[in-house]
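User: I am new to this structure and would like a short walk through it. Could we begin with the backbone and then turn to charged pairs?

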Amino acid sequence: MGSGTAVVIGGSPTAAEGPRLVTENTCPAEMFAKARTLCDPVLRRAVEQMPDSLRIKLGYHFGWRDATGHPTRGRSGKGLRAALVFAVAAACGAAESTAASAAAAIEMLHNFTLVHDDVMDGDEMRHGRATVWRLWGRDAAIVLGDAMHAMAIRLLLDLPTASVAEAVGRLEAATVELCRGQYEDLMFESGSSVGVGEYVRMVLGKTGALMGVACALGALCADADAATVAAFDRFGRELGVAFQFADDVLGIVGDPAVTGKPVGNDLIRRKRSLPVVAALESGCSAAAELSELYRSDAPMTIADVSRATQLVQACGALDWTRRQAELRAQCALAALPAGAATMELRILTRAAARRDQ
């Protein structure tokens with residue numbers, strides 16, 4: 001595990017093409033595409049094992065089918081978490097084939113949380129398409145998410161490693177943590193005061209726990225020792241916080257063509273994301289007006305969203321949040337075991353912390 005080591009990327013290149021290596025200039029999208037290529041066959045087999053009543057809905061959520069069940073060329077999500085599983089497994093010396101079931105389990109669990117999040121948040125669009133609950137109802141979406149959680153556990157039983165029991169235990173412990181974080185996030189939207197410290201604690205559960213267990217599973221695929229697994233778990237948790245901070249910026253000023261959601265989506269919902277929490281705590285002159293907008297019971301108009309964006313920017317909260325994302329990314333790299341900071345992990349870290357670039 002050498003720091004800065006180039007890593008082979010891609011499927012099975014022809015002799016003429018030769019192997020492609022991960023270098024400083026490698027586009028993260030290549031890694032995401034590779035992770036999906038390795039992970040999708042496992043996910044598709046898992047989906048085929050679902051009951052008929054759930055199969056079409058899950059295929060639709062993953063972007064493989066339309067609402068009538070016909071195949072499409074779409075896809076759901078980038079595959080960052082799956083890419084982390086493969087990258088950590090490679091850093092620990094495990095083969096890609098060994099990590100495929102773990103990566104699929106993480107993607108299944110992550111998407112279970114998205115299906116339930118859409119229900120709780122009332123989001124009608126994801127990746128530019130109607131959400132599962134919007135098409136089939138809230139009850140159907142809840143049941144589908146529950147089945148996806150169960151399937152994630154089932155996928156881990158296929159790991160060719162002596163660490164299956166620990167992998168399942170870690171996945172379920174992370175699920176409890178992310179449920180705690182999700183609950184706290186929902187409570188933050190009730191209008192009560194939220195501090196930056198409280199917000200970070202929530203993110204460590206809601207987002208950090210899942211990325212932490214993704215990286216831990218990658219290490220377990222190589223039967224790594226306890227200290228190594230713990231270090232990769234810390235790396236993933238810090239990276240999850242960086243990712244969420246960057247996502248919070250996108251929730252305010254992100255391009256709908258990229259996010260798949262309306263511009264200023266978090267402001268429309270009066271979500272207390274980190275830029276908003278930081279702006280309200282800043283004590284600047286714009287904070288009072290922003291607080292008044294957030295306390296109002298009237299639906300946010302387009303003009304309100306535009307004004308709220310201006311107020312958050314006036315407090316310097318967007319730039320501050322971007323800097324915090326960078327700092328957490330640096331903390332993530334510092335948490336890696338000695339010699340484990342491969343080029344692949346460095347690029348994925350940068351991609352998570354700079355999602356608007």
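**Backbone and salt bridges**

Analyst: The model is a predicted one. Histidine 127 sits in the loop that runs between strand E3 (125–126) and strand E4 (129–130).

User: What is the phi of histidine 127?

Analyst: Its phi is positive, about 55°, although histidine 127 is not a glycine.

User: And is histidine 127 buried, partly exposed or exposed?

Analyst: Histidine 127 counts as partly exposed, because its relative accessibility is 40%, which falls between the 20% limit for buried and the 50% limit for exposed.

User: Where is aspartate 223, and what is its phi?

Analyst: Aspartate 223 is found in the loop between helix H8 (196–220) and helix H9 (226–253). Its phi is near 55°, a positive value in a residue other than glycine. With a relative accessible area of 42%, aspartate 223 is partly exposed.

User: Changing topic, how many salt bridges does the structure hold?

Analyst: There are 22 salt bridges in the structure.

User: Why can side chains pair like that?

Analyst: Side chains of opposite charge can pair when their charged atoms come close.

User: Which side chain does arginine 269 meet in a salt bridge?

Analyst: Arginine 269 meets the side chain of aspartate 121, at 3.3 Å from N to O. Arginine 269 lies in the loop between helix H11 (265–268) and helix H12 (274–281), while aspartate 121 belongs to helix H4 (residues 96–121), so this pair ties together parts that are 148 residues apart in sequence.

User: Which residues are linked with these two in a network of salt bridges?

Analyst: The network links Asp121 and Arg269 with Asp185, Glu189, Lys206, Asp266 and Lys271.

User: What about arginine 170, which residue does it form a salt bridge with?

Analyst: Its partner is glutamate 166, and the closest N and O atoms are 3.1 Å apart. Arginine 170 and glutamate 166 are separated by about one helical turn, because they are four residues apart in helix H7 (residues 164–188).

User: How accessible are arginine 170 and glutamate 166?

Analyst: Arginine 170 is partly exposed, at 26% relative accessibility. Glutamate 166 is partly exposed as well, at 36%.

Key. Residues are numbered from 1 along each chain as its sequence is written. This is a predicted model: local features need pLDDT of at least 70, side-chain atom pairs count only at pLDDT 80 or more; totals for chains, interfaces and linings use all residues. Side-chain values use heavy atoms; hydrogens and water are left out. Helices (H or I, at least four residues) and strands (E, at least two) are DSSP runs, numbered from the N terminus. Buried means under 20% relative accessible area, exposed over 50%, partly exposed in between (1.4 Å probe, protein chains only). A salt bridge is a side-chain nitrogen of Lys or Arg within 4 Å of a carboxyl oxygen of Asp or Glu.
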